[in-house]
Amino acid sequence: MSDIILENQEGPIVVLTLNDPERANPLSSPLVEALSAALERAAAADDIRAVVLCGAGRHFSAGADLEALERLAAGGDEDGARRDTEGLRGLFETLLGHPKLTVAAVHGAAVAGGCGLATACDFVVAEPGARFSYTEVKIGFLAAMVLTFLTRRVPGHVARRMLLDPEMIDGERAVALGLADELAVKGAGLQTAIALARSVCSKASPSALAATKALLNETAGLNWREALATAVEANVQQRQEADCIRGVRTFLDTKTTPDWLDPTEESE
């Protein structure tokens with residue numbers, strides 16, 4: 001399916017739509033491959049500042065492609081299972097390490113790996129009727145990869161409850177738990193996510209945003225001395241960036257900060 005991921009650029013924001021609605025947008029191998037490629041293109045494009053993920057049809061994503069999982073399991077195809085899993089790992093690595101702002105716009109179901117896909121984004125916008133759940137244990141499976149980064153978004157005891165007791169969490173409760181960042185009105189999740197992405201990118205320079213995301217990843221799990229040493233290097237590097245020079249000079253001259261989405265404000 002060449003159109004299994006739809007790409008629509010709205011100025012500096014690219015919207016990537018999971019487009020297998022009849023099956024609730026499962027993370028099939030073709031979808032994972034196409035989404036990974038689209039994310040890599042966005043990472044390399046200078047005119048793209050943020051990526052918004054959404055799902056076509058009634059749901060965000062139903063998670064793993066269970067039909068493919070059954071075929072691999074029933075056939076005892078360990079090599080095939082590993083290839084499938086490594087593809088999913090590559091997608092999560094690309095999303096977690098993405099240099100641009102990433103926002104998930106969730107409506108309908110975001111379950112299992114689909115919930116993990118949203119969780120891996122910088123921000124999550126949820127509609128009230130959204131349903132988040134890690135349902136893997138209900139079918140004898142486990143949320144292995146998403147478990148490794150769920151605690152970056154919610155406290156450990158909340159992650160444990162979600163992973164062991166797979167109840168459905170609606171949009172309002174997801175925001176209360178920290179699983180989502182903002183509650184949109186019904187039917188306005190995508191527009192709210194685009195507006196949030198645009199707002200953040202107007203306030204944050206592209207290089208500073210990318211450097212901050214990288215530092216968050218690099219310092220996760222380090223002891224405080226190692227984290228400080230890593231932060232020193234990031235600090236020194238960012239001081240040399242044109243964005244930093246521009247931002248400091250603009251503030252000293254005008255007592256305001258740049259609109260980082262306004263090209264007319266760029267230094268000549």
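**Entry 1**

I looked up Leu142 and found it exposed, at a relative accessible area of 55%. For this label I used these cut-offs: buried is under 20% relative accessible area, exposed is over 50%, and partly exposed is in between, with a 1.4 Å probe and protein chains only. I am working on a predicted model, where local features need pLDDT of at least 70, side-chain atom pairs count only at pLDDT 80 or more, and totals for chains, interfaces and linings use all residues. Residues are numbered from 1 along each chain as its sequence is written, and side-chain values use heavy atoms, with hydrogens and water left out.

I placed Leu142 in the loop between strand 7 (131-133) and helix 5 (144-150). Helices (H or I, at least four residues) and strands (E, at least two) are DSSP runs, numbered from the N terminus. Together with Ile139 and Phe141, Leu142 forms a nonpolar patch on the surface, with about 310 Å² of accessible area in total. Patch members have over 30% relative accessible area and no salt bridge; like charges are joined within 9 Å, and nonpolar side chains (Val, Leu, Ile, Met, Phe, Trp, Tyr) within 5 Å. The area comes from the Shrake-Rupley method with a 1.4 Å probe, and for residues only the protein chains shown count as cover.

**Entry 1: salt bridges**

How many salt bridges are there? I noted nine, taking a salt bridge as a side-chain nitrogen of Lys or Arg within 4 Å of a carboxyl oxygen of Asp or Glu.

I looked at Arg41 and Glu7, whose side chains meet at 2.2 Å, N to O. Arg41 is in helix 1 (residues 29-44) and Glu7 in strand 1 (residues 5-10), so this pair ties together parts that are 34 residues apart in sequence. Arg41 is partly exposed at 45%, and Glu7 is partly exposed at 43%.

Next I took Asp20 and Arg23, a salt bridge with its closest N and O atoms 3.1 Å apart. Is Asp20 buried or exposed? Asp20 is buried, at 8% relative accessibility, while Arg23 is partly exposed at 33%.

Asp253 pairs with Arg249 in a salt bridge, with 3.0 Å between the closest N and O atoms. The two residues are four apart in helix 11 (residues 242-254), so about one helical turn separates them. Asp253 is exposed at 53%, and Arg249 is partly exposed at 46%. I also noted one network, in which salt bridges with shared partners join Glu86, Arg89 and Glu93.

**Entry 2: helix 10**

What caps the N-terminal end of helix 10? Asn223 does, with a side-chain oxygen 3.0 Å from the backbone nitrogen of Arg225.

**Entry 3: positive phi**

I found that Ala112 has a positive phi of about 50°, although it is not a glycine. Ala112 is in the loop between strand 5 (109-111) and helix 4 (113-119), and counts as buried at 8% relative accessibility.

Lys255, also a residue other than glycine, has a positive phi near 60°. I placed Lys255 in the segment after helix 11; at 56% relative accessibility, Lys255 counts as exposed.

Conventions
A polar contact is a pair of N or O atoms within 3.5 Å; within protein, one must be able to donate a hydrogen and the other to accept it, and residues adjacent in sequence count only if both atoms are side-chain atoms.
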